[in-house]
Amino acid sequence: MSTYSLVQPPETDAWELPARGPVAMVSLIIGETAIFTIFVVAYLFYLGKSLTGPTPAQVLEIPWFNSICLLSSSLTIWRSEHAITAGRIAQFKAWWMATIALGTIFLAGTATEWRKLIYQDGLTVHSNLFGTTFYSLVGLHATHVVVGLVMLTLVMAIALTGKIQAEHAERIKVLALYWHFVDAVWVVVFTVVYILGR
Amino acid sequence: MVPIYRCIRWAGEKRSTWGTAALLCLAPWKLHAEQAVSGSSTNIFSSFSRPSIEIDHLATFVFCIVGAIFVVVGSLLAYVLVRFRSRAEDETEPPQVYGSSQVELAWSVIPVLIVLVLFLATVRVLFAVQDPVKPQTAVDVTVVGHQFWWEFRYPKLGITTANELHIPVSSADHPSPTFLKLMSADVDHSFWVPQLGGKTDLIPNKVNQMWIDPVKPGLYLGQCAQFCGIEHAKMLLRVYVDTPEQFALWVQNQRQPAREDAAVAHGRKIFETEACINCHTVSGTAATGTFGPDLTHLMSRSTIGSGIAANNPANLREWIRDPDHFKKGCLMPAMQLSDEQIDAVVAYLSTLQ
Amino acid sequence: MADQILTIPGDITTIERGAGPTLLEKLHSWVITVDHKKLGILYVLYALFFLLVGGGEAMCIRIQLAKPDSHFLDPATFNRFFTMHGTTMVFLVGMPILFGFANFAVPLMIGARDMAFPRLNAFSFWLTAFGGCLLYFSFLGGFGLYGMGSAPDVTWWAYAPLTARAFSPGHSTDYWALALIVGGFGTLGTAINIIATIVSMRCKGMTLMRMPLFPWLMLVVSGLALITITPLTAAQLMLLVDRYLGGHFFDTQAGGSAVIWMHFFWIFGHPEVYVLVLPAFGIASEIIPVFSRKAIFGYPAMVAASASIAFVGVSVWAHHMFTVGMTSTSNAFFALSTMVVGIPTGIKIFNWIATMWGGKIRFATPMLFCIALLFQFLCAGLTGIIQSVAPIDWQLHNSYFVIAHFHYVLVGATVMGIFAAIYYWFPKATGRMMSETLGKWHFWLFIIGFHVTFDTMHFLGILGMPRSIYTYQADRGWATLNLVVSIGGFIQGVAVLIFAYNLIRSCFRGAKAGNDPWDAWTLEWSIPSPAPEYNFAVEPVVRSRRPLWDLKHPEDPDWRYDQ
């Protein structure tokens with residue numbers, strides 16, 4: 001039998017637990033990371049294994065502009081988080097709008113890239129292993145961008161009615177966390193597909 | 001009354017402890033003893049090939065360790081249940097013990113040591129069986145898995161056959177193990193003949209390898225061990241381990257082209273015009289299909305339909321008339337031949353010795 | 001002894017005399033509820049329904065296999081039944097019922113008023129429920145019920161390329177993939193909810209190391225579920241891309257790999273079984289102390305062991321793939337990791353035995369099931385160790401030995417834990433006790449049936465009988481043992497029916513239970529039974545792991561001796 005020393009438990013007045021919003025979003029991000037990891041693993045595994053068809057080196061151009069837009073949107077959303085925490089609603093709205101704009105430019109860029117790949121280079125999901133894994137991985141990311149933009153636009157709409165105030169900063173931060181995640185995934189996808197894969 | 005009930009309960013727990021322990025420890029030996037002769041058994045402990053025998057020895061060792069753990073922990077559990085059951089009249093709480101570093105350390109260290117021992121025993125056999133040295137005198141067989149039959153090719157001997165594998169027995173002074181190259185034409189399969197070795201999968205777009213080193217002639221049974229579709233259950237294996245003389249005879253026969261017999265010309269004509277040749281090969285004739293089994297020496301096999309029916313004219317007849325009768329969902333269609341046509345074809349096939 | 005009546009400020013103690021809610025209103029309240037207790041009960045009822053359905057499928061399988069060359073089920077139907085049996089039991093019984101218990105008990109045990117996100121909770125339940133209905137709708141699709149429709153028939157692990165369009169035309173694979181993707185999102189939602197609840201909503205004084213072990217294990221399980229279910233979702237999305245968009249993820253003709261499906265599936269599939277068994281460990285860790293009248297032995301070690309199992313458990317997956325032709329080094333690695341995961345698992349068994357040591361064991365029905373859990377999990381762990389020895393697995397893989405092993409875990413441990421939990425928390429949920437007599441009948445019949453079936457099944461595996469076969473030849477020598485296995489199945493079926501009867505009858509005629517019928521020590525037993533909608537009138541403040549022990553034994557409180 002073991003006895004532990006007589007210790008009074010510490011004062012429980014200062015009972016601070018993490019807020020549930022960020023905890024839930026972090027959990028979601030962990031789950032999503034697992035999904036993306038599987039798609040990335042499939043992409044890496046099948047590199048160089050296509051039996052036919054266009055190869056990455058032949059058809060992929062590094063999307064510098066697109067990526068800069070998307071990664072900058074992380075910056076703008078961070079500025080808008082900052083603004084709303086400090087109570088500067090007008091600035092929050094401006095930076096938020098900028099984020100949506102940059103995200104939309106990214107999507108448009110992806111669409112343009114895919115148009116070229118499909119119609120000019122003949123790369124489709126069906127054409128070879130590279131096509132399957134490329135469109136699946138980049139498409140999965142693009143889907144998450146779309147979902148993010150929908151949420152951001154919703155918030156923008158509510159903000160335009162004047163209903164968003166400084167006390168909603170925590171919730172804004174949770175959504176911003178999701179957006180940062182989407183950008184972080186792009187860093188990985190970009191590296192794997194356009195740098196390593198070519 | 002109550003003490004008796006408690007006794008029965010105690011005995012029940014204890015009996016199941018000891019009973020199961022005994023069964024687990026004794027059964028393999030028991031089964032092994034019963035099935036000590038080769039043939040018609042799929043008992044994994046009745047082994048007649050070096051990989052399988054190695055696994056048996058390892059299993060004996062592992063079962064002993066596992067059995068010992070079972071007896072020790074099971075006895076502790078049984079003891080605790082009897083010794084520390086509450087007495088009806090007693091309403092007080094027992095002394096509360098929250099833990100003990102020494103005890104917990106001990107029972108963490110011992111499992112680690114057991115794992116170490118088990119792992120070392122495992123890797124020895126693992127590497128020995130999976131990465132063998134292939135002698136010059138090894139027999140090479142390529143196995144191609146199909147839905148729902150086995151194709152066997154002997155590349156160095158120029159033989160193609162199906163469903164019944166013939167290999168020579170191997171001995172220490174004349175080693176002739178058989179090395180199998182495993183491939184698949186469609187979905188995943190698995191080659192399992194328990195008395196001759198562990199199983200290895202046949203996976204499309206992947207080439208696997210396994211080896212058998214049989215020590216005793218006889219017939220060994222097995223079947224596909226990876227679900228491959230509707231008739232997975234009936235994709236059986238028959239491995240004939242022949243003496244060197246028997247094997248040489250078999251090889252010689254298999255290398256011959258198909259027997260020609262004018263008496264069955266009618267049947268052969270039907271065979272060649274009724275789309276049979278799209279799927280089947282009869283060497284030396286126009287039949288060169290590879291979707292179905294090679295029929296050149298069909299009559300040298302004792303079963304049809306990959307082991308599910310004896311190879312006799314009546315079964316052959318029924319198989320051709322309606323394969324679904326034996327193997328519902330198998331990929332050979334009923335060819336809608338008339339009775340007369342089937343009779344003729346069966347007569348023809350009966351000459352393919 | 002532990003009845004505590006808390007007076008609530010305000011006047012909610014007077015009840016309007018008049019017509020109570022109508023049946024329609026009651027049902028409506030269940031459909032729209034966001035209360036974690038009701039949702040927990042919905043999960044449990046949903047799962048128990050599918051337990052009966054999956055059990056029915058199992059009985060049909062056993063009738064078919066009871067004798068050689070049987071024609072009770074044709075091969076197509078048999079293949080659908082065993083696929084659905086496995087898929088049902090894992091996704092529509094195991095996962096929902098365990099997350100249902102978590103839903104019900106976790107907020108109560110940590111002193112919270114509800115889960116962190118009640119509406120997400122409801123949404124997750126209905127998503128899971130819809131997934132199950134979609135899966136079973138497959139029986140009606142295609143050729144309709146008589147022809148057994150398009151129910152999945154590709155085994156519950158659905159290896160490629162059998163699931164490709166070429167080899168599985170029709171929609172059976174699609175139902176499998178879609179239903180599980182949908183249900184998977186439901187599980188993900190609940191896992192996120194549980195994590196947020198446990199991290200953010202514990203009552204004052206309840207540090208993580210003072211939290212009872214059931215919430216601890218649900219925290220570990222939820223974290224594990226986040227990275228376990230998602231690989232399956234990913235793989236199934238890839239499968240759908242192959243089947244509908246012409247993709248080649250698993251298309252061996254285009255250079256794709258069948259083995260990569262196996263990797264992805266088992267990266268889900270192995271941690272999934274830990275998701276299924278760890279909650280049972282949590283349940284045992286609550287019940288065994290109460291019925292031994294002692295605190296759990298080695299609480300910190302139990303927490304550490306649980307976390308270790310989760311961590312190590314994600315590194316063992318390819319022990320399902322010892323026969324696919326990985327390199328010998330890979331095989332050796334996975335053999336080692338599988339053996340290593342047995343260490344923390346074994347430690348837990350020792351801790352439970354040590355908890356009972358020196359105690360005063362009361363053999364109520366929940367405790368009987370937990371003792372059986374302990375014994376059976378010991379056996380299951382040992383047969384797991386046997387199979388972790390890769391060369392032995394080369395014989396036993398895909399044989400009935402494996403089926404015996406995993407049923408020993410999933411029925412012998414998880415289902416036992418589920419039964420124990422139902423008997424234990426039924427009073428808290430309904431305010432009534434289940435019948436002890438019927439409980440003991442249920443227990444003994446089930447144990448007998450279980451051992452008759454699954455002990456025997458090990459020998460079938462040793463005798464070389466592979467799994468997933470709809471029949472076998474008479475000369476294989478498997479007939480007698482198969483008959484014995486089938487008989488045991490029927491005995492278990494009878495036991496489950498007794499249980500169902502006990503459950504329903506006790507709802508209406510069970511003896512009234514007070515706050516604390518078991519004389520237990522965790523927070524849920526401090527409130528009335530059934531628990532009021534708000535759970536706790538006053539937010540509890542705790543100083544130790546067993547707040548009610550401290551209240552009942554002020555002369556010997558936990559916080560004087562233990563963290």
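Residues are numbered from 1 along each chain as its sequence is written, while chains are lettered from A and ligands numbered from 1 in the order in which they are written. Because the model is predicted, local features need pLDDT of at least 70 and side-chain atom pairs count only at pLDDT 80 or more, although totals for chains, interfaces and linings use all residues.

The model scores ipTM 0.93 and pTM 0.93. As for pLDDT, that's the predictor's confidence in each residue, from 0 to 100. Chain A averages 93, and 93% of its residues score at least 70. For chain B the mean is 89, with 89% of residues at 70 or more. Chain C has a mean of 94, and 95% of its residues reach 70 or more.

Some stretches need care. In chain A, pLDDT stays under 50 over residues 1–8, and the model has 10 contacts beyond four places in sequence for them. (Two residues are in contact if their C-beta atoms, placed from the backbone, lie within 7 Å.) In chain B, residues 1–23 stay under 50, with 15 contacts beyond four places in sequence. Residues 26–39 of chain B are also below 50, and this stretch has 22 contacts beyond near neighbours in sequence. Where pLDDT is low, the predicted coordinates should not be read in detail.

**Helices side by side**

Helices (H or I, at least four residues) and strands (E, at least two) are DSSP runs, numbered from the N terminus. Axes are lines fitted to C-alpha atoms, for helices over the stretch in contact, and angles run from 0 to 180 degrees between N-to-C directions.

| Pair | Angle | Axis distance |
|---|---|---|
| α3(A) and α6(A) | about 165° | 10 Å |
| α1(A) and α6(A) | about 15° | 10 Å |
| α3(C) and α7(C) | about 45° | 10 Å |

To put words to those angles: under 35 degrees counts as roughly parallel, over 145 as roughly antiparallel, 65 to 115 as roughly perpendicular and the rest as oblique. A crossing is left-handed if the near helix is turned anticlockwise from the far one by less than a right angle, and right-handed if clockwise.

Let's start with α3(A), residues 64–85, and α6(A), residues 169–196. Their angle therefore makes them roughly antiparallel, and their crossing is left-handed. Residues in this contact include Leu70(A) and Ile77(A) from α3(A), plus Trp179(A) and Trp186(A) from α6(A). By class, the contact has 10 nonpolar, 5 polar and 3 charged residues. (Ala, Val, Leu, Ile, Met, Phe, Trp, Tyr, Cys and Pro count as nonpolar, Asp, Glu, Lys and Arg as charged, and the others, Gly among them, as polar.)

Helix α6(A) also packs against α1(A), residues 20–45. That angle makes α1(A) roughly parallel to α6(A), and the crossing is right-handed. Among the residues involved are Met25(A) and Phe36(A) of α1(A), and Phe181(A) and Val185(A) of α6(A). This contact has 15 nonpolar, 1 polar and 3 charged residues.

Over in chain C, α3(C) is oblique to α7(C), with a left-handed crossing. Val90(C), Gly94(C), Leu98(C), Phe101(C) and Ala102(C) of α3(C) meet Glu272(C), Leu276(C) and Pro279(C) of α7(C). Those residues divide into 6 nonpolar, 1 polar and 1 charged.

**Where chain C touches chain B**

Here, 75 residues of chain C are in contact with 78 residues of chain B. Several helices of chain C each supply at least two residues to its side, including α3 (75–109) and α7 (258–292). The one that gives the most is α9(C), with 14 residues. In all, chain C's side divides into 47 nonpolar, 19 polar and 9 charged residues.

**Backbone details**

The peptide bond from Gln147(B) to Phe148(B) is cis, with omega near 5°. Phe148(B) is in the loop between β1 (139–146) and β2 (149–154) of chain B. Another cis peptide bond joins Ala160(C) and Pro161(C), with omega about -5°; Pro161(C) is in the loop between α4 (118–137) and α5 (172–200) of chain C. Finally, Gln336(B) isn't a glycine, yet its phi is positive, near 55°. You'll find Gln336(B) in the loop between α6 (313–321) and α7 (339–349) of chain B.
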